[in-house]
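User: Could you walk me through this structure with me? I'd like to start with the open spaces and then move on to a few local details.

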Amino acid sequence: MANASGFLTPHVPSLRRKIQPSIGFSRSGFCFSEGISRRVVCSSGVEGAGTHVSPSQSRVPKLVSKGCKLVGCGSAVPSLSVSNDDLAKIVDTSDEWISVRTGIRNRRVISGKENLRNLAVEAARKALKMADVEPDDLDMILMCTSTPEDIFGDAPKVQRELGCTKSQLAHDITAACSGFVLGLFSASCYIRGGGLRNVLVIGADVISRFVDWTDRGTCILFGDAAGAVVVQACDADEDGLLSFDLHSDGEGARHLGAPIKDDEINDLLGSNGPALEFPPKRSSYACIQMNGKEVFRFAVRCVPQSIESALEKADLKASDVDWLLLHQANQRIIDAVATRLEFPPEKVISNLANYGNTSAASIPLALDEAVRSGKVKPGHTIATSGFGAGLTWGSAVIRWG
């Protein structure tokens with residue numbers, strides 16, 4: 001395990017490189033590593049870690065020597081279940097075509113008065129109840145979503161609906177399918193470096209609002225859901241967030257996104273309106289656009305490398321891990337990554353068939369079901385990875401309970 005406790009700015013990772021520099025975190029602190037050689041460069045004068053950097057030279061705040069662990073989880077899904085047969089009534093597809101290519105058979109979609117905040121609050125309350133933590137005992141709420149009800153963010157509104165009265169900080173994290181892993185990383189930073197005790201991390205998305213339901217390539221994949229965990233400070237020897245490995249590469253954004261589109265304004269200001277380009281056009285977001293083949297190639301190439309890097313930072317081997325829990329995007333991706341990492345099928349958590357790709361909610365939703373069913377038990381070690389739009393991808397090695 002790396003003996004490091006500082007930051008160093010890495011190069012921007014590229015999909016074209018086999019081994020990318022990565023943001024790393026181990027139980028002894030933060031580091032950046034280069035590939036599998038594990039050359040660690042530290043910005044604090046740790047004995048045996050290389051060149052000493054004095055406190056006055058370092059821009060990194062001193063980290064609090066404490067651990068953090070997951071003490072509660074919860075999830076929520078919409079009431080409306082849409083099967084593959086239901087989709088076959090509106091688009092040229094079939095249950096067999098979808099299930100063979102994706103592993104998905106059903107997905108949940110918001111309807112009626114359901115919305116993102118409803119799901120997030122329900123999942124959060126369940127997580128708080130399991131953790132035996134009151135809303136006012138929270139120090140922070142991190143809302144990981146790319147589909148907020150309000151463009152300025154939903155975390156403060158979730159905070160209000162949970163009944164928090166102490167004005168704890170609450171903010172959104174936007175990273176689509178990687179959002180929850182980034183939320184865990186942020187929570188660990190706030191606890192270790194900021195002295196916080198209880199951080200609520202919510203992963204929630206209602207992707208159905210941005211799906212073209214006539215596009216067979218995308219509408220079959222996505223569903224809506226929310227999942228949440230409570231991350232709590234603990235003694236260093238009880239640490240449950242063992243390591244992280246995080247990346248992004250905007251070069252791949254063209255393969256997966258939902259960019260802004262411009263709608264024409266009918267009432268222009270005079271005949272010179274178009275030339276003046278004022279007032280600006282009203283904007284809205286396009287439906288999800290995805291190059292499925294490229295996203296598949298990206299995932300099966302980059303995710304195993306990231307998980308291996310996270311395991312190395314945690315000083316663990318794949319055989320030391322009880323469960324592999326990947327973002328639930330496509331069963332073929334899950335199977336390919338598990339095969340490359342030599343994880344047997346019985347150690348892979350998957351609920352994709354029932355919910356489809358729920359973006360930032362997929363990992364905490366699957367975790368919550370596995371914990372409540374008794375599959376994941378206190379002390380179990382889990383290797384998890386989120387990947388998707390941005391392109392972003394990140395892995396974490398965690399211990400439950």
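User: Which element gives the largest share of the lining of the largest pocket?
Analyst: Helix α8 does, with four residues; helices here are DSSP runs of H or I of at least four residues and strands are E runs of at least two, numbered from the N terminus. This is a predicted model, in which local features need pLDDT of at least 70 and side-chain atom pairs count only at pLDDT 80 or more, while totals for chains, interfaces and linings use all residues. Residues are numbered from 1 along each chain as its sequence is written, and side-chain values use heavy atoms, with hydrogens and water left out.

User: How much space lies in that pocket, and which residues are closest to its centre?
Analyst: The largest pocket holds about 1100 Å³ of space, and of its 48 lining residues Phe222, Leu256, Gly257, Ile288 and Met290 are the closest to the centre. On a 1 Å grid over the protein atoms alone, a pocket is an open set of points with protein on both sides within 12 Å along at least five of seven lines, a cavity is a set where a 1.4 Å probe fits but cannot get out, and lining residues have an atom within 4 Å of a point. Points are joined across faces, edges and corners, and the volume is the space filled by probe spheres set on them.

User: How does the pocket lining divide by class?
Analyst: It divides into 24 nonpolar, 17 polar and seven charged residues, where Ala, Val, Leu, Ile, Met, Phe, Trp, Tyr, Cys and Pro count as nonpolar, Asp, Glu, Lys and Arg as charged, and the others, Gly among them, as polar.

User: And how many cavities are there of 30 Å³ or more?
Analyst: The count comes to one, and the largest cavity has a volume of about 40 Å³. Its lining has eight nonpolar residues, one polar and no charged, and among the lining residues are Leu70, Phe180, Thr384 and Ile398.

User: Back to α8, what is its reach?
Analyst: Helix α8 (residues 292-313) has 22 residues and reaches 31 Å from first C-alpha to last, close to the 32 Å expected, the expected span being 1.5 Å times one less than the number of residues. After α8 comes Asp315, whose phi is positive, near 60 degrees.

User: Where else is there a positive phi in a residue other than glycine?
Analyst: Ser167 has one, near 55 degrees, and Ser167 sits in the loop between α4 (155-162) and β8 (169-173).

User: Which residues does the cis peptide bond join?
Analyst: That bond joins Gly390 and Leu391, with omega about -15 degrees, and Leu391 lies in the loop between β18 and β19 (392-399).

User: New topic: how many salt bridges does a search of the whole structure find?
Analyst: It finds twelve, each a side-chain nitrogen of Lys or Arg within 4 Å of a carboxyl oxygen of Asp or Glu. One of them pairs Glu122 with Lys126, the closest N and O atoms being 3.3 Å apart, and both residues lie in helix α3 (residues 116-131), four residues apart.
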